[in-house]
Amino acid sequence: MAWWFHRNPLKATGKVNFELKLIANDSQAIQLCSELRQTRNRLLDLLTDPNHDADTLNTAFERYLSLLLGLIVSPDGKGESKLRYTTRFRWTQSLLGDIPLAQTDAVFELISISQNVGIWFMKHAAMIAGKDEINMDEAKEVHKCLRKAAGIFTTMQERYVGNLLQKCEPGSDLDSAVVNAYITQCTAEAQEVTIARAIELKHAPSLISALANETARLYSTGANYLSRLNSTKVGKWRKYFELKSIFYLA
């Protein structure tokens, strides 16, 4: 059984050299800047192809985050790093076209790169789910990727977006309506996999009906989040939510 999933485009970003010569002038700091640049470029290269192995992508992601946190958290882990506001980052937004938003804040980079990884996991899941026939292990991988993406979006929203000094632009990937729509979409699509599994195992019709109703409710909720935003930007995405909601109510 194959699934149909809508996907928004990945975010694009500008080159970052992490040149902190006036602040970080010892050899270890210079080495850190070099590793930040290399690991970021490696991760960005992997993100362009949803066919990469998920473990490979995740390893590159964790490696970059382990270094990036050095620009956010102080060495003793008890406060903010003095390097947080030293580098300017530029990222487009998944719904706002090619004009990037820019902030001189490492937390903005953390949120943006993490959200891009979340979108990659959604695309990776869709790539697997789009096959004419998928086996049980592949279905589990789809479910796992969607739950991981939901977790990434949730963590960024709950722990980091509120720490940014600049206000978010409506319709950007920092907008709570957009983030909640992503979380809801991932959750609903993961539940689609659960429904297919329940049908295959011939579970009770009452259970399958309850799952379908809950999935329809999730898609309706996602559409409601997007109803607050410019329809020219989110119209196609909102129609996807509405169509899936009707489908699972049928």
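Residues are numbered from 1 along each chain as its sequence is written, and side-chain values use heavy atoms, with hydrogens and water left out. In this predicted model, local features need pLDDT of at least 70 and side-chain atom pairs count only at pLDDT 80 or more, whereas totals for chains, interfaces and linings use all residues.

## Helix pairs

Two packed helices are described by the angle between their axes and the distance between the axes. The axes are lines fitted to C-alpha atoms, for helices over the stretch in contact, and the angles run from 0 to 180 degrees between N-to-C directions. Helices (H or I, at least four residues) and strands (E, at least two) are DSSP runs, numbered from the N terminus.

| Helix pair | Axis distance | Crossing angle |
|---|---|---|
| α3 and α4 | 8 Å | about 160° |
| α5 and α6 | within 9 Å | roughly 165° |
| α6 and α7 | within 8 Å | roughly 160° |

The angle between α3 and α4 makes α3 roughly antiparallel to α4, on a scale where angles under 35 degrees count as roughly parallel, over 145 as roughly antiparallel, 65 to 115 as roughly perpendicular and the rest as oblique. The crossing of α3 and α4 is left-handed, a term used if the near helix is turned anticlockwise from the far one by less than a right angle, with right-handed used if clockwise. The residues that form the contact of α3 with α4 comprise 16 nonpolar, four polar and three charged; here Ala, Val, Leu, Ile, Met, Phe, Trp, Tyr, Cys and Pro count as nonpolar, Asp, Glu, Lys and Arg as charged, and the others, Gly among them, as polar.

Helices α5 and α6 are likewise roughly antiparallel to each other, and their crossing is left-handed. In the contact of α5 with α6 there are 13 nonpolar, eight polar and three charged residues.

Helix α6 (residues 205–226) and helix α7 (residues 231–249) are also roughly antiparallel to each other, and α6 passes α7 in a left-handed crossing. On the α6 side the contact (heavy atoms within 4.5 Å) includes Ala212, Ala216, Tyr219 and Leu226, while the α7 side includes Trp237, Phe241, Ser245 and Tyr248. By class, this contact of α6 with α7 has eleven nonpolar, five polar and three charged residues.

## The largest nonpolar core

A nonpolar core is a set of buried Ala, Val, Leu, Ile, Met, Phe, Trp, Tyr and Cys residues joined through side-chain atoms within 4.5 Å. Buried means under 20% relative accessible area, exposed over 50%, and partly exposed in between (1.4 Å probe, protein chains only). The largest such core holds 80 residues, of which Leu43, Leu68, Phe121 and Trp237 touch the most other members. Two or more residues come from each of α1 (27–47), α2 (54–68), β1 (89–91), α3, α4 (136–159), α5 (176–200), α6 and α7, and the largest share, 15 residues, comes from α3.

Tryptophan 237, when residues up to four places away in sequence are not counted, touches His6, Asn8, Leu95, Val178, Ala181, Tyr182, Gln185 and Leu226.

Asparagine 116 is found in helix α3 (residues 106–129) and is buried, with a relative accessible area of 2%. Leaving aside neighbours within four places in sequence, asparagine 116 is in contact with Leu10, Lys11, Leu47 and Trp91.

Isoleucine 119, also placed in helix α3, is buried at a relative accessible area of 3%. Apart from residues up to four places away in sequence, isoleucine 119 touches Asn8, Pro9, Leu10, Lys11, Ser94, Phe153 and Tyr182.

Lysine 11 is itself buried, with a relative accessible area of 6%. With neighbours within four places in sequence left aside, the contacts of lysine 11 include Trp91, Ser112, Asn116, Ile119 and Asp173. Lysine 11 and serine 176 are 165 residues apart in sequence, yet 17 Å apart in space, C-alpha to C-alpha.

## Two buried serines

Serine 245 lies in helix α7 and, at 9% relative accessibility, counts as buried. Its contacts, not counting residues up to four places away in sequence, are Ala216, Tyr219 and Ser220.

Serine 34 lies in helix α1 and is buried, with a relative accessible area of 17%. The C-alpha atoms of serine 34 and phenylalanine 18 are separated by 7.5 Å, the two residues being 16 residues apart along the chain.
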